[in-house]
Amino acid sequence: MHKFDQCGPATRSRAAGAFNRQPAKKNHHPDFDKLQLRGWKSAEKEGALPTAAWEKEKAWALRMGLTGSDSLTDKSIPTFARGELPHYAGINTFLKAPYIEDVTQVGAYDAAVIGIPFDGGTTYRPGTRFGPQGVRKISALYTPYNYEMGVDLREQMTLCDVGDIFTIPANIEKTFDQITRAVSHVASSGALPIMIGGDHSIGFPCVRGIAECTSKRIGIVHFDRHIDIQEKDLDERMHTTPWFHATDLVNVPAVNLVQIGIGGWQVPREGVEVARERNTNIFTMRDVEELGLAETAARALELAWKDADAVYISFDIDSVDCGFVPGTGWPEPGGFLPREALELVSLVAKEGICGLEVVEVSPPYDCSDITALLATRVIVDVLGTLVSHGKMGSHKSIIDKPVSIPAGPEVA
Ligand SMILES: [Mn+2]
């Protein structure tokens, strides 16, 4: 109970001074119970996390990188940097996850990061072909542990980086085929596909890749300032068109497409017409403000999951206010604060997902890697949410038509 309540209402009314009022006792921490704070609960939760994978990584680092110099007192430090430490060193995969050269082995992991370096669908500022490398580079800042969630990705799941898809810069349709093939391979393996774009044109072939592996119905939650659902732009399927083509797929109905954050002066009327005809679900920033984050997420989940068996998350980094994400192709003021976006994407991911894409990070326009850092954060927050809600691996049950892609012949 708060101290004021014990003193009676007079102490905080305008008439308070008229009474022979007892001065409130000034405690430094009035009724303060730190055990009730999330901050303290998180500290307690950390104590229950295992450390086995970290111990294993340190032993592996000494085996791979040789024991360190005699003058070092910390005997876990190798001569050659291996694994997570130090953060400024090493060959950057996403979150220093193991690089899987042999993609036939991807199914050994719970989730796989796939880079999609392609900006041929961009209609203004290019540069997202450098998105995967930009995100990987700044992801080196992060440990696999999150204090508030009380999760340690290294201990509680397995993550790999399969590197990049071989895109074809001058041909968007061939690139789409390559992307669908790659994503269907990863999804069929049982690993959760996590795509780093690339411009938003990749949304269609990514969803097609997952949809191909299942007879089940897929919903999409799409975070963006842009509606991205017109049929063509500049006479081609561009980054303004992914949801027209994705919702043409038989098991990806438009009524399960939920678009959050749409608004401003960059929404083409051609796209709005399609959204209206196909009956998609659109939340503007004002809707989000009025409903609040929890209610927005609850409604989005209800719509995306209605008669669906899985949900895919498409996160366009430009859904965040352009003040926070200078490194993107079509910046727009008035979007999410980073804290809102992270909270909302986690609330949506807690029911489980069949894939995640984070698109439109353009490192050549970025400042201090902040756009790439936010993209990294969206990915690790979604992974952390899946782990903490026991949903990592939940997507596997929908894969009932796995594809098989032939490898080249044996090399002597
Ligand atoms: Mn956008």
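Before the structure, one definition: two strands pair if DSSP finds at least two bridges between them. Strands themselves are DSSP runs of E, at least two residues, and helices are runs of H or I, at least four, numbered from the N terminus.

This is a predicted model, in which local features need pLDDT of at least 70, side-chain atom pairs count only at pLDDT 80 or more, and totals for chains, interfaces and linings use all residues. Residues are numbered from 1 along each chain as its sequence is written.

I'll start with strand β9, residues 310-316. Seven of its seven residues are buried, so β9 is largely enclosed by the rest of the structure. Buried here requires 20 or more other C-beta atoms within 10 Å of the residue's own, with C-beta atoms placed from the backbone. In a regular strand, side chains alternate between the two faces of the sheet. In β9, Val-311, Ile-313 and Phe-315 point one way, and Ala-310, Tyr-312, Ser-314 and Asp-316 the other.

Now the neighbours. Strand β6 (residues 218-223) runs parallel to β9, joined by six bridges, and Gly-219 is opposite Val-311. Strand β10 (residues 355-359) is also parallel to β9, with five bridges; there, Ser-314 faces Glu-357.

Next, the domains. An automatic or database assignment sets the bounds: domain 1 is 1-21 + 28-90, and domain 2 is 94-398. Their C-alpha centres are 30 Å apart. Contact means C-beta atoms, placed from the backbone, within 7 Å. By that criterion, 14 residues of domain 1 touch 10 of domain 2. On the domain 1 side, α2 (38-48) and α3 (52-65) are the elements giving two or more residues, and α2 gives the most, with four.

Technical notes:
Two residues are in contact if their C-beta atoms, placed from the backbone, lie within 7 Å. A residue is buried if 20 or more other C-beta atoms lie within 10 Å of its own, exposed if 12 or fewer, and partly exposed in between; C-beta atoms are placed from the backbone.
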